[in-house]
Amino acid sequence: MTKYPIGLQNFQGLREDGYVYVDKTAFVYELAQSGKYYFLSRPRRFGKSLFLSTLEAYYQGKKELFKGLALEQLEKDWKVYPVLHLDLNAAKYTDSEALESILDGHFRYFEETYGTTPNGLSLSERFKVIIRRAYEQTGQKVVILVDEYDKPLLQAIGNKALQDEYRALLKSVYGVAKTMDGYIQMAFFTGVTKLSVDSLFGDLNNITNISLDKHFTELCGFTEEEIRNNFDNEVGLMAKKNLLTKEECYAILKENYDGYHFNEDSSGMYNPFCLIEVLNAMKFKDFGPDTDTKKYIVETLRQNNYKLENLIQENEADLFLFDTELFGDSLLASLYQIGYLTIKDYDQKFNGFRLGIPNAEVKRGLLSVANSIKSASTSPLLHVGLRVGK
């Protein structure tokens, strides 16, 4: 029986308990060797949290977890670094105290590990002290990992005052990485929306944004080749259960869960969350946007006074310049960043991307959102059924 990591985002637990893992560790080594500050934007449910957890295990020197993986052969000099992992993904940011409480909880844990901080300091000042003490106690520079850096802002969409409050606090904390540069080995930020240096990262302007870097396209998500190499037997079992040939099953999986492109030359990527859930259930199904994503889509559509069914039917004819900041004016940019549009083509003359809906499952998810917004539906919407069986 294949053990699928349903809901699991911890690399150590996944490896120790024998869950299936698609090897992305060569990227860990390359990033560690080639740079210091990184940012990666990917849609939700695309494996960002698991990749950060993999980075954490690597920098903690947990060599035994990488047995049989690419990194075991690549790394010859394992070192142990202090890792400060800020996970902003799971919390609910409902009021002005929520973000402070989450950060305070993380900092208290770090302070218990590396020494208490004098009372009366701001969160950013506490973070500076934590970084310095971690370095002094271990003799190694510090690794900072921030998962879903923009989650508080996404949850506060529609509440400008709260967003501004969160933005100011996050800027003060993230900006610490610049002032403590001499103590830092690596800082890696992940999120859904495009990194906005001016509004959130202050003077930290030396971050390498790998979101559209063709070399790191496959860092999150699954390629067709990875699925065939890691799940071919499972696809065969699923095909048999649904009265399909194996190739027919692959074709339906591709139609519904593939199609994400993170630069103009990349092969399509599968959503790993959807693929694993489907193989585990041995049946095709839809997932739709999560609560936060749905709220973001609805609010963005309302602010732009845009009918979503028009987007579904017309968006592949739109030429889009990918140049927008967090919560910018471009509806298409917003839908690209959360994974409901993807890159279809590139126009070199105008330096622009042509966008389209990645797959049938996403298209149905957008239609469900359209049907939930009364003002968005002025005519019957296209129905796209999920094709299963012969």
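## Helix packing and aromatic contacts in a predicted model

Helix 5 and helix 8 are roughly parallel to each other, a term for angles under 35 degrees. The model is predicted, so that local features need pLDDT of at least 70 and side-chain atom pairs count only at pLDDT 80 or more, while totals for chains, interfaces and linings use all residues. Residues are numbered from 1 along each chain as its sequence is written, and side-chain values use heavy atoms, with hydrogens and water left out.

The axes of helix 5 (residues 96-114) and helix 8 (residues 160-174) come within 9 Å and cross at roughly 25°. Axes are lines fitted to C-alpha atoms, for helices over the stretch in contact, and angles run from 0 to 180 degrees between N-to-C directions. Helices (H or I, at least four residues) and strands (E, at least two) are DSSP runs, numbered from the N terminus. On helix 5 the contact (heavy atoms within 4.5 Å) involves S96, A98, L99, E100, L103 and F107, and on helix 8 it involves L162, E165, Y166, L169, L170 and V173.

The whole structure holds 23 aromatic pairs. Rings of Phe, Tyr and Trp (its six-membered ring) pair if their centres lie within 6.5 Å, and planes over 60 degrees apart count as edge-to-face. F11 and Y21 form an edge-to-face pair, with 5.3 Å between centres and 75° between the planes. F11 belongs to helix 1 (residues 11-16), whereas Y21 lies in the loop between helix 1 and helix 2 (25-34), 10 residues apart. F11 is buried, with a relative accessible area of 0%; buried means under 20% relative accessible area (1.4 Å probe, protein chains only). Y21 is also buried, at 11%. Y93 and Y166 form another edge-to-face pair, with 6.2 Å between centres and 75° between the planes. Both Y93 and Y166 are buried. F11 and Y21 also belong to one aromatic cluster with Y58, Y59, F66, W78 and Y81.

Two charged residues lie over aromatic rings, which requires NZ of Lys or CZ of Arg within 6 Å of the ring centre and within 35 degrees of the ring normal.

| Charged residue | Ring | Distance from ring centre |
|---|---|---|
| K3 | Y19 | 4.5 Å |
| R42 | F262 | 3.8 Å |

Most residues other than glycine have a negative phi. E148, not a glycine, has a positive phi of about 60°, and this residue is buried at 4% relative accessibility. M282 likewise has a positive phi of about 60° and is found in the loop between helix 13 (272-281) and helix 14 (291-304).

Terms used
Parallel < 35°, antiparallel > 145°, perpendicular 65-115°, else oblique. Phe/Tyr/Trp six-rings, centres within 6.5 Å; stacked < 30°, edge-to-face > 60°. Buried < 20%, exposed > 50% of the residue type's maximum accessible area, 1.4 Å probe, protein only.
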